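Here are my notes on this one, as numbered points. Have the structure open while you go through them.

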Amino acid sequence: MDFFKRHFLVPLIAVLALVAIAYIGVKANLEFVFGVVIPYLAVLIFFEGLIYRIISWARSPVPFKIPTTCAQVRTLPWFKRTIADKLDNPDTRLWTVARMALEVLAFRSLFRNIRSELRRDKDNPEKSRLVYWSYKWLWLGAIAFHYAFLVVILRHIRFFTQPVPHFVTALAEADGFVQFYVPTVYLTGVILVLAVTYLLARRIYTPTLRYLSLAADYFPLLLIISIGVSGILMRYFYKVDIAAVKQLAIGLATLKPVVPAGIGSIFYIHLFLVCVLFVYFPFSKLMHAPGVFFSPTRNLPGDNRWRLHVNPWNYPVKFPDYMHQEDHYREAMIEAGLPVEKEK
């Protein structure tokens, strides 16, 4: 089995096995396990893992300022700095916050991603030339996926609250404004599946990415696709009792769990896959979401030319002066004929 098949088929089989486990478990009348026990365990592991990773990052020493770009132009006043220059090379905390905001909300560095590629020269077909070009499809797929996922999560708040907050109702109405199907098709659910499928297809069909991708790269994509597809199947094709689902969700949120009868197997498959994502999240590459806030290449201004950066984790060090050195090595210095301040 070659490298790609091994690293793609293993997570694919793992996701299919998870679906089979949930289906067999529900058929074996284990609804309480899959509807109550596993969700509580998943949430517990999620928050414990999240807190552990954040505390680990927060305790990591940053002995030097290591911004990816410097802002030394400030010391050269004859250079004019545009807004783009200040965002690229922030020299104050305010501009650093602005850069972080654009990075988190608009994926600015991904938008500016420039690719280089050797292409055959049309004028001289026997030779190749290096071409630089802007690659926006990855940015579009990534931002569509993240915002669609965010809206889907916010829409699910309606299952855990009674009455439903107004902003959730307004968000659902805006998401389903097309109204070309019954029940209303939420666009973000479709966009989410399409965007993740694109990100997966990109890894499979691009030779360099396929060579670099491991099972840990494919598994979260396959897991999220399975969550999105099971959600779509549950909403539009294999209908479940929404009232019973909400009763179960509110029971979980209020720590008074009940498992109503009549909820279909597809719901428990969907819920189990979400629980697996919760458990997997803190220990995977998906932690880049909170991790970006702890990146010293992003969250530090480039002001080290006029502001001393002191490592906050420094411990007091007592440096010996010359007399301490001479007291320690006096006999050896006298024996070697070196001058000393004191004979004894």
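1. A word on terms before the spans: helices and strands here are DSSP runs, with a helix (H or I) needing at least four residues and a strand (E) at least two. Also keep in mind that we're looking at a predicted model.

2. Take residues 137–157 to start with. This span is 90% helix and 0% strand, and its end C-alpha atoms sit 31 Å apart. Residues 7–26 come out at 100% helix and 0% strand, with 30 Å between the end C-alpha atoms.

3. Both spans carry a label from the record: the unreviewed UniProt entry annotates "transmembrane region" at residues 7–26 and 137–157, and also at 32–55, 177–200, 212–238 and 258–281. For the chain as a whole, the count is 15 helices and 2 strands.

4. What radius of gyration does the chain have, against a compact globule of 344 residues? The chain has 29 Å, while the globule would be near 20 Å. Along the principal axes, the C-alpha trace spans about 95 × 65 × 50 Å.

5. Looking at contacts with a separation of 6 or more, 66% are between residues 24 or more positions apart.

6. Last, charges: I'd note 38 positive and 23 negative side chains. The centres of those two sets lie 10 Å apart.

Definitions and conventions. Residues are numbered from 1 along each chain as its sequence is written. This is a predicted model: local features need pLDDT of at least 70, side-chain atom pairs count only at pLDDT 80 or more; totals for chains, interfaces and linings use all residues. Side-chain values use heavy atoms; hydrogens and water are left out. UniProt positions are given in the numbering used here, feature names are shortened, and annotations may be inferred rather than shown by experiment. The radius of gyration is taken over C-alpha atoms; the globule rule is 2.2 Å times the number of residues to the power 0.38. Contact means heavy atoms within 4.5 Å. Lys and Arg count as positive and Asp and Glu as negative; His and the chain ends are not counted. The place of a charge is taken as NZ of Lys, CZ of Arg, CG of Asp or CD of Glu.
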